[in-house]
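Please keep the sequence and the 3D view open beside it as you go.

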Amino acid sequence: LVMVFYGSNGKSNPVSMENKVEHQAKNQITYDIHLPSDLGMLYKVRLGLQSLENSISQLSLHHFKMQNTSTLDTFSLTINKTLPLSLNGDRWIEFPVEWPLKEALSVVTYHLTVFSRNILSERNLVHMTACVYGTHGDTGDRSLLQSLQNVQQGEDNESFLVIMDAVELGELDKVVLLITSKTDCKLDIEKLHLKESEKEHPIYVFEVNEAFSVSANKPEIQREIPVSFVIRGDKQKNDIDNNLHEEGSQARNLTEYTIKVYTGDKRGAGTDANVHIILFGNEDKSEVFQLSQSLEHQDPFERGKVDTFKIKTKKLGSLHSIEIGHDGKGFASGWFLEKVEITDASRNSVYCFNCNRWLAEDESDGCTIVQLYP
């Protein structure tokens, strides 16, 4: 049994319950767990099985109770579920933590639709998981090929639906895929669609467009896919299956921007914090984009480096400003940003936004977010 605890300042490493039993009564086990003090207020717990290699392994969970031994605040929840969940073979369940006078998040059922070309023919030999990240944390690694629904197969493409329950994630940011295989094969994945099952919109679209070469001799393939764009829609629109044509039209109306971010060549100039950008034009402004997948470097925003990102958004017109900054997460998160160059290929325009300042809580004005003008 493994637990992961989420707090307002981050999440714990997986905590294994092995050798942690303090005392055991009939059908009840009590653990004493020491969590890092910098997690902040706990708001979510994920609980699951370390491994499903032994398919006979099952765990019936009836009740969960947790007490902060310092404040004596207590949280308790009736679960009555058996892992792995029979619906989709998922080995994790998660639930919000509700403390006195604190409003808890809710549990949401998410629909993840995978559009591919040949995964279904290889599904029995391939293991693939997805971890979805949002402003309220992540789902952990969830299996994609255990129990598929709404399977559709054409000559050149296919799609299938994966259902996962998770504490609401807020605005979605990225999906991390992990792929392993028992045999040599090439998995061609086009894109992922993700939305809440109870809502028709928003639909988060993650463009993949990659053929993954996997084999039994290779280590697992990990790919981080940031959100490409969001279909906001309105209540009158049909569900995702009837909306593919409209989505294609919307994709054709998108404008691609190439963003070059220059980190200064000063001591401590780099950052591991999460960097975002918003573009403002004379016609519209973009949504918030997380700059996480640099085209040059696996670890972006290092001292003296230039990182290139490509984003697609609605037509903004002529750019007049940008907002760029970071969330201050991580050790020594301060960042010296030299400048940002943005190319709008559709207008044949290049904009240069000079910054030449620290974005750090412990430097100058303490701001980690700035508005820049060309």
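How many aromatic pairs does the count come to by the rule given in point 2?

1. Before that is answered, a word on the basis of the note: this is a predicted model, in which local features need pLDDT of at least 70, side-chain atom pairs count only at pLDDT 80 or more, and totals for chains, interfaces and linings use all residues. Residues are numbered from 1 along each chain as its sequence is written, and side-chain values use heavy atoms, with hydrogens and water left out.

2. The rule is that rings of Phe, Tyr and Trp (for Trp, the six-membered ring) pair if their centres lie within 6.5 Å, with planes under 30 degrees apart counted as stacked, over 60 as edge-to-face and the rest as tilted. The count by this rule is seven aromatic pairs. The pair of Phe301 and Phe309 is stacked, because the ring centres are 5.6 Å apart and the planes stand at 25 degrees. Phe301 and Phe309 are both buried (buried means under 20% relative accessible area, exposed over 50%, and partly exposed in between, with a 1.4 Å probe and protein chains only). Elsewhere, Phe64, Phe75 and Phe95 are linked into a cluster by ring pairs.

3. Two charged residues deserve a look beside these rings, where a charge sits over a ring if NZ of Lys or CZ of Arg is within 6 Å of the ring centre and within 35 degrees of the ring normal. Arg46 lies over the face of Trp92, at 5.9 Å from the ring centre, while Lys266 lies over the face of Phe336, at 4.9 Å from the ring centre.

4. A nonpolar core is a set of buried Ala, Val, Leu, Ile, Met, Phe, Trp, Tyr and Cys residues joined through side-chain atoms within 4.5 Å. The largest such core has 36 residues, of which Leu112, Ile179, Ile189 and Leu192 touch the most other members. Another core, of 25 residues, lies apart from it and includes Phe289, Tyr351, Cys355 and Leu359. In soluble globular proteins, nonpolar side chains tend to be buried together.

5. Strand 1 (residues 2-7) has six of its six residues buried, so it is largely enclosed by the rest of the structure; strands here are DSSP runs (E, at least two residues), and helices are H or I runs of at least four, numbered from the N terminus. Val2, Val4 and Tyr6 point one way from strand 1, whereas Met3, Phe5 and Gly7 point the other way. Two strands pair if DSSP finds at least two bridges between them. Strand 1 is joined to strand 6 (residues 42-48) by six bridges, the two running antiparallel, and Gly7 stands opposite Leu42 in strand 6. Strand 1 also forms a hairpin with strand 2, with two residues between them.

6. Nine bridges join strand 26 (residues 335-344) to strand 27, and the bridge partner of Ile342 in strand 27 is Tyr351.

7. Finally, Gly270 is found in the loop between strand 21 (255-263) and strand 22 (275-281). Gly270 and Glu302 are 32 residues apart in sequence, yet 4.2 Å apart in space, C-alpha to C-alpha.
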